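This report describes one protein model, part by part. The sequence and the structure come first, and the description follows.

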Amino acid sequence: MSEHPHIPTATYRLQFNRRFTFRDAEEIVGYLHDLGIGDVYASPFFQARAGSMHGYDICDHNQLNSAVGSRADFDALSAALQSCQMGLVADFVPNHMGIGETLNGWWMDVLENGPSSAYASHFDINWQPLKRELHGKVLLPILGDQYGRVLERGELKIRYEDGAFTLNYYENVFPIAPRSYGRILSGMVARLERNYLGENFLDDLRSIVTAIQHLPRRDQIEAVLVEERSREKEVIKRRLTRLCEEIPQIRDAIDQTLFAMAGKVGQPRSFDELDALIEEQAYRLSYWRTAAEEINYRRFFDINDLAAIRVEDPEVFDAVHRLTMELIRHRQITGLRIDHVDGLLDPHEYLEKLQDRYREMFLLSEGDHGLYLLVEKILMEGEQLRPDWPVHGTTGYEFTNDVIRVLIDPSAEKSFTATYAKFMDDHFKLDELIYEQKQKVMTLSLASEVNVLASKLDRLSEKNRWFRDFTRNSLNTAVREVIACFPVYRTYLMPDRETSDTDRQVIAR
């Protein structure tokens, strides 16, 4: 077979999850080979959120999914495939990450440290949204009711474990900013002094509080301060852990302080201290219904627990693909299927980077498309895959449409249309229905994203005396009208690249 690229002749899709693991796949490799399958097409198998049955909510691109198997299990599957000269096409998700639980270390660091997180730029977050109260914060629309009601019902709890404080809302866990530890520990010192004045461990506790007060603030985003904050906060956590282990009175005092801070249902003012602590955080908890209009991080469509990542950033690209490139280098992955390629800022550049890394790895000539690449893209009628993309094709939705046409008798179209119209008791045009539903989605689900575009258009209009009198509301309407009437999903215009004839035709249309 050709080594670069390895082109599959027949693939078989395997959906990995806790019910079908690497070991299960290894057992059927021989059977698939006997069927004539040349390559396994695998669903995402990197670390996803607990219980995920599909794997597209990846929490860590550089760890294999523990529910699916260990590295040893994956190596055994790879060995079985290679012994049958079979390849592995991996489904890869470069656009977004699952943020619904603590498994996503990058996102938890962002929630803990805000703009000063080392991973703040990994996600597409607007730290200066129109709503001033959200400046420097991430909106988290996860509450089942208005924030004040949830708070005063006692559903928000502060917990301590292993040197760290967290805010808990049922199964949701959010880190508390290290500088906020001082609010919890300072009052605790005064209470302990009444009973243990002169004890050496009080000096250790005071020292920890002093170290907390000297941590860089989260609005200090210079690289050296980010590194200092990241290092020193972990030192503080280790010191607090050790002190609690050595001095049981300290741990008891923490528990008593958190109990007092929790508030009492039926006494609204008793929640003021907890409210003040929560207000200090780099996130703002809110009712889930606020997401459509005020959410300030880019999502996968309107799914709140799938946050978009800035894979166009070279640092993020390298971080996201570290394990994948390792598996490609060891020939354990022989091809990639790129999920939702149109969600990328610049698909062409991203795909070229993948091919570049592959060429560097195997010392191939410039221009060789040595890595077998497929993209998930729905081509509209008359739309062609971009000829400059270094890929070998799409996942094949358009081929499926052709197969369906073979299996359906077109002469039945009139009777089906008449039956449908009778059932609906209405007559409508497809174009009008599509337009109306696009408007509905932008109004109900993606209002925040449309507002961002309208704000950018507003800033542009302010620079020109002919257009500065357009209001933001009118520009918002204009943006929605253009999107609702746009004939394709997107264009591929980039400021440093010549506009293609295809994009010119789409815009002209």
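What covers the buried residues of H12?

## Helix H12 and its cover

The cover includes S3, strand S4 (58-64), H2, strand S5 (87-92), strand S14 (335-338) and helix H13 (347-362). Helix H12 spans residues 322-329, and its buried residues are Leu323, Thr324, Met325, Leu327 and Ile328. Buried stands for under 20% relative accessible area, exposed for over 50%, and partly exposed for what lies in between, with a 1.4 Å probe and protein chains only. Just after H12, Arg331 has a positive phi of about 65°.

## Basis and overall make-up

The model is predicted: local features need pLDDT of at least 70, side-chain atom pairs count only at pLDDT 80 or more, and totals for chains, interfaces and linings use all residues. Residues are numbered from 1 along each chain as its sequence is written, and side-chain values use heavy atoms, with hydrogens and water left out.

The protein chain has 19 helices and 15 strands. These elements are DSSP runs numbered from the N terminus, helices being H or I with at least four residues and strands E with at least two. Of the 509 residues in the protein chain, 45% are buried. The C-alpha trace spans about 90 × 65 × 50 Å along its principal axes. Contact means heavy atoms within 4.5 Å; among contacts between residues at least 6 apart in sequence, 69% join residues at least 24 apart.

## Packing of H1 against H2

Helix H1 (residues 22-35) and helix H2 (residues 71-83) have axes that come within 9 Å and cross at roughly 15°. Axes are lines fitted to C-alpha atoms, for helices over the stretch in contact, and angles run from 0 to 180 degrees between N-to-C directions. H1 and H2 are therefore roughly parallel to each other, a term for angles under 35 degrees, with over 145 counting as roughly antiparallel, 65 to 115 as roughly perpendicular and the rest as oblique.

On the H1 side, Phe22, Arg23, Ala25, Glu26 and Val29 take part; they meet Asp73, Phe74, Ala76, Leu77, Ala80 and Leu81 of H2. By class, this contact has 8 nonpolar, no polar and 3 charged residues. Ala, Val, Leu, Ile, Met, Phe, Trp, Tyr, Cys and Pro count as nonpolar, Asp, Glu, Lys and Arg as charged, and the others, Gly among them, as polar.

## Aromatic pairs

The whole structure holds 22 aromatic pairs. Rings of Phe, Tyr and Trp (its six-membered ring) pair if their centres lie within 6.5 Å; planes under 30 degrees apart count as stacked, over 60 as edge-to-face and the rest as tilted. Phe22 and Phe45 form an edge-to-face pair, 5.9 Å centre to centre with 75° between the planes. Phe22 lies in helix H1 and Phe45 in the loop between strand S2 (39-42) and strand S3 (46-48), so this pair ties together parts 23 residues apart in sequence.

Phe45 and Phe74 form a tilted pair, 5.3 Å centre to centre with 40° between the planes. Phe74 lies in helix H2, so the pair ties together parts that are 29 residues apart in sequence. Phe22 counts as buried at 0% relative accessibility, Phe45 at 1% and Phe74 at 1%. Ring pairs link Phe16, Phe20, Phe22, Phe45, Phe46, Phe74 and Phe92 into a cluster.

## Arg239 in H7

Arg239 is placed in helix H7 (residues 223-246) and counts as partly exposed, at 25% relative accessibility. Leaving aside neighbours within four places in sequence, Arg239 is in contact with Asp204, Ser207, Ile208 and Ala211. Arg239 and Leu205 are 34 residues apart in sequence and 9.0 Å apart in space, C-alpha to C-alpha.
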